[in-house]
Amino acid sequence: MSKLGLDKDLIDKARNSAHNVAVDVQSFIDEHTTVTVERAVCRLLGIDGVNEVDVPLPNVVVDHLVERNALSGGVAFYLGNAMVELGIDPQSIAEKVDKGEVDLLKVPLHSEEEIKAAIEPIAVKMTERIHKNVEQRNAYLKEFGDKEGPYLYLIVATGNIYEDITQAVAAAKQGADIIAVIRTTGQSLLDYVPYGATTEGFGGTYATQENFRLMRKALDEVGEEQKRYIRLCNYCSGLCMPEIAAMGAIERLDVMLNDALYGILFRDINMQRTLVDQYFSRVINSYAGVIINTGEDNYLTTADAIEEAHTVLASQFLNEQFALEAGLPPEQQGLGHAFEMNPDVENTFLYELAQAQMAREIFPRAPLKYMPPTKYMTGNIFRGHIQDALFNMVTIMTNQKIHLLGMLTEAIHTPFMSDRALSIENAQYIFRTMKDFGNEIEFKKDGIIQSRANEVLKKAADLLEQIEEQGMFATLEKGTFADIKRPMDGGKGLEGVVMKDAVYFNPFIKLMKREVE
């Protein structure tokens with residue numbers, strides 16, 4: 001039963017419009033690949049490391065094909081062909097390409113059957129490795145149990161992976177359930193993934209496979225000590241979205257920031273590039289058991305949270321459908337929203353409660369990601385702590401799952417460990433004392449809360465109908481989301497998008513989506 005009296009037919013209408021939009025875009029996605037999709041394939045085929053001038057070998061191989069206008073055939077085709085001819089593995093081929101000893105387009109051509117047969121065992125071996133990571137996560141959860149109620153999600157962001165580990169371990173001991181390692185400023189715009197452990201970053205730490213491995217090891221150790229499984233989160237967004245998803249799958253990350261539209265709107269990455277990249281990244285995340293976090297909360301940093309709430313809901317519907325196209329189930333869709341209304345406006349707590357409950361009722365199986373107040377934090381730590389407390393109350397009242405802790409020092413400085421301890425204490429106190437409050441309350445029929453939720457739903461359904469009529473690309477060009485307009489042929493990374501040709505194949509999509517030919 002809906003506490004909000006939501007119109008089920010209207011929800012179905014909105015979801016159907018979003019589905020049609022996603023299916024329309026999927027036809028474009030299926031015809032195209034990108035440089036980072038192909039680099040992700042390289043990584044999943046075991047190509048790793050950098051050359052003598054620190055260029056990652058996956059970039060070396062893909063750039064080799066780009067320079068010869070051959071990327072449309074896909075790296076799996078050319079690597080498989082070279083494997084048949086030379087009898088060596090993809091890593092060795094990449095090293096020879098780097099040294100100029102092999103030109104992939106000059107290798108004698110073998111049959112597609114032989115090429116696919118060469119690639120298949122390596123692809124299967126990697127998917128088995130990732131599946132073992134899923135089994136390891138499940139074994140931990142079986143041994144320790146999983147947490148009921150909201151996961152406490154905390155951020156570390158020192159720039160130095162070793163200092164991040166110190167802070168992450170402390171946060172886990174204080175009660176954190178998810179550790180998110182914020183990525184260094186600007187990494188989303190790098191068209192390559194840095195290599196190795198890093199100790200310098202601004203506003204965060206580089207996302208590298210070695211940094212993932214180091215943090216995973218540290219969290220497993222503290223988790224075993226605490227008898228809890230501590231989840232690890234990072235960011236597979238930007239120009240290397242599927243590559244970082246692949247690295248995360250290999251190193252057993254649990255949560256990934258992974259939005260279909262975020263990079264387009266907030267990093268000016270070309271929409272064609274992002275929509276193709278998000279598909280393969282979500283195929284990987286689905287297979288790896290990773291919960292994705294979407295970024296609708298960011299809309300409210302540029303647009304008004306009261307006037308534009310329906311765009312958040314519309315985007316949640318779209319992210320849900322794009323995820324389903326990639327095989328990502330609702331249980332792995334951490335659809336995002338935020339507590340971001342102006343506290344000087346009357347009854348905003350009621351509006352926030354209405355929208356959080358609305359998201360919970362519309363997406364009942366999703367582990368919703370709820371973001372704290374940031375836009376209207378002033379530096380007054382006492383008021384800020386109260387704003388966070390109200391946010392905590394909405395979370396427990398509406399059964400949000402991924403709860404990104406607010407910090408009383410928001411708008412002043414990067415939180416100290418003591419600030420985090422206070423925020424954890426605040427949330428734990430409210431979650432404990434209000435544990436079943438949400439089950440005890442009902443909302444007044446046609447009152448402020450019900451009316452607000454139904455108004456937002458109606459506007460979102462109307463908006464999705466418009467998007468269905470005009471298409472996703474035209475919608476982004478018009479600035480419908482976050483008041484930001486993006487041209488279809490503008491932004492960063494468009495040159496990395498190519499049309500697939502007849503020989504193209506990606507062995508991991510079939511394996512990870514468990515498709516049978």
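How many salt bridges does the count come to by the rule used here? The count comes to 30, where a salt bridge is a side-chain nitrogen of Lys or Arg within 4 Å of a carboxyl oxygen of Asp or Glu.

1. Basis of the note. This is a predicted model, in which local features need pLDDT of at least 70 and side-chain atom pairs count only at pLDDT 80 or more, while totals for chains, interfaces and linings use all residues. Residues are numbered from 1 along each chain as its sequence is written, and side-chain values use heavy atoms, with hydrogens and water left out.

2. Overall form. The protein chain has 20 helices and 11 strands, these being DSSP runs (H or I of at least four residues for helices, E of at least two for strands) numbered from the N terminus. Buried residues make up 60% of the 517 residues, where buried means under 20% relative accessible area, exposed over 50% and partly exposed in between, with a 1.4 Å probe and protein chains only.

3. Arg-137 and Asp-254 meet through their side chains in a salt bridge at 2.7 Å, N to O. The pair links distant parts of the chain, with Arg-137 in helix α6 (residues 112-144) and Asp-254 in the loop between α9 and β5, 117 residues apart. Arg-137 counts as buried at 5% relative accessibility, and Asp-254 is buried at 2%.

4. Asp-268 and Arg-486 form a salt bridge between their side chains at 3.6 Å, N to O. This pair also links distant parts of the chain, 218 residues apart, with Asp-268 in the loop between α10 (262-266) and α11 (271-287) and Arg-486 in the loop between α19 (472-478) and β11 (497-499). Asp-268 is partly exposed at 24%, whereas Arg-486 is buried at 19%.

5. A pair within one helix. The side chains of Glu-455 and Lys-459 meet in a salt bridge at 3.5 Å, N to O; because they are four residues apart in helix α18 (residues 448-470), about one helical turn separates them.

6. Backbone points to check. Lys-227 has a positive phi near 60 degrees although it is not glycine, and it counts as exposed at 55% relative accessibility. Arg-252 likewise has a positive phi near 60 degrees, but Arg-252 is buried, with a relative accessible area of 8%.
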